[in-house]
Amino acid sequence: MKLFVTGVEGYIGCLLAPFLTARGHEVVGFDTGYYRDGWLFSDRTLVPDFPRTINGDIREIHPEHLRGVDAIVHMAELSNDPLGENDPELTFQINHQASVRLAELAKAAGVKRFVYTSSCSVYGVADGAEPMTEPSPVSPQTAYAKCKTLVERDVSAMASPEFSPTFLRNATAYGASPRMRFDISEQPVRRRCDHPKDRNDQRRHAVAAAGARAGHLRGDCLCTRSAAGSRPRRSIQRGP
Ligand SMILES: NC(=O)c1ccc[n+]([C@@H]2O[C@H](COP(=O)([O-])OP(=O)(O)OC[C@H]3O[C@@H](n4cnc5c(N)ncnc54)[C@H](O)[C@@H]3O)[C@@H](O)[C@H]2O)c1
């Protein structure tokens, strides 16, 4: 399959892209390169090769970019609550409007699968002791989380036999990545200290693998929403 992966230079993307390439897919990356200077370490086993990457802003994606693409994994956004709160209007332009436009262009271009990295932050504050599940009500508390909810709403409405969007409500990933986001918060660092390294690796790879599996959903699995996360937190999420 030819896969168009946005946010390919981010914390998750820089691992997901080689993961997909190693499974025989042709990957084309797309990213502004906001964090390009922050390459932390090189590990040939994790990142043996990096895909061809188009340097651009998703607000300016052109139909030409999507020619011949079978599936999109869309991750390029202002990707966490504190960053989104810096400029909520800009966050809505990138995270909501540009994401929906990308889906519209994808559908028009005949792209069959659209995998969107949503977030368990759509649930906001959970009151009960029970884990939130797919049908649980959403209660987004921040511009970042509101945009995730709006993209799910608007893009799921586009589902058709020819266009299959999938939403992964990921929990916060943690563990080492060549593109660590130390600017976000101390939370991932503290968690890393609390857990054995191998468990961190499992969590990070689980998110990448979930994205890859979603790209293989059959066409009849329209609008599947996968809550890949564990129990949502009871407080507003500070991380991505
Ligand atoms: N990391 C997590 O724990 C987590 C949890 C739930 C959901 N998610 C979602 O997964 C996705 C990836 O997360 P991440 O942690 O790798 O994020 P990240 O911030 O590390 O990476 C995002 C990438 O998108 C790029 N980008 C930002 N705005 C762009 C734009 N307008 N045009 C093109 N590229 C742009 C950035 O340069 C960056 O490389 C995001 O959508 C995020 O909301 C992440």
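Ala, Val, Leu, Ile, Met, Phe, Trp, Tyr, Cys and Pro are counted here as nonpolar, Asp, Glu, Lys and Arg as charged, and the others, Gly among them, as polar.

Figure 1. The ligand is surrounded by 28 residues, of which the closest are Gly7, Gly10, Tyr34, Ala76 and Thr117. The shell comprises 11 nonpolar, 10 polar and seven charged residues.

**Figure 2. Packing of helices α3 and α4.** Helix α3 spans residues 88-108 and helix α4 residues 143-156; their axes lie 9 Å apart, at an angle of about 20°. Because angles under 35 degrees count as roughly parallel, α3 is described as roughly parallel to α4. The two helices cross with right-handed geometry.

**Figure 3. The contact between α3 and α4.** From α3, the contact involves Pro88, Thr91, Phe92, Asn95, His96, Ser99, Val100 and Ala103. Helix α4 contributes Ala143, Tyr144, Cys147, Leu150, Val151, Asp154 and Val155. By class, this contact has 10 nonpolar, four polar and one charged residues.

Figure 4. Where pLDDT is low, the predicted coordinates should not be read in detail.

Note on methods
Residues are numbered from 1 along each chain as its sequence is written. This is a predicted model: local features need pLDDT of at least 70, side-chain atom pairs count only at pLDDT 80 or more; totals for chains, interfaces and linings use all residues. A residue is near a molecule or strand if its C-beta atom, placed from the backbone, lies within 6 Å of it. Axes are lines fitted to C-alpha atoms, for helices over the stretch in contact, and angles run from 0 to 180 degrees between N-to-C directions. Helices (H or I, at least four residues) and strands (E, at least two) are DSSP runs, numbered from the N terminus. Angles under 35 degrees count as roughly parallel, over 145 as roughly antiparallel, 65 to 115 as roughly perpendicular and the rest as oblique. A crossing is left-handed if the near helix is turned anticlockwise from the far one by less than a right angle, and right-handed if clockwise. Two residues are in contact if their C-beta atoms, placed from the backbone, lie within 7 Å.
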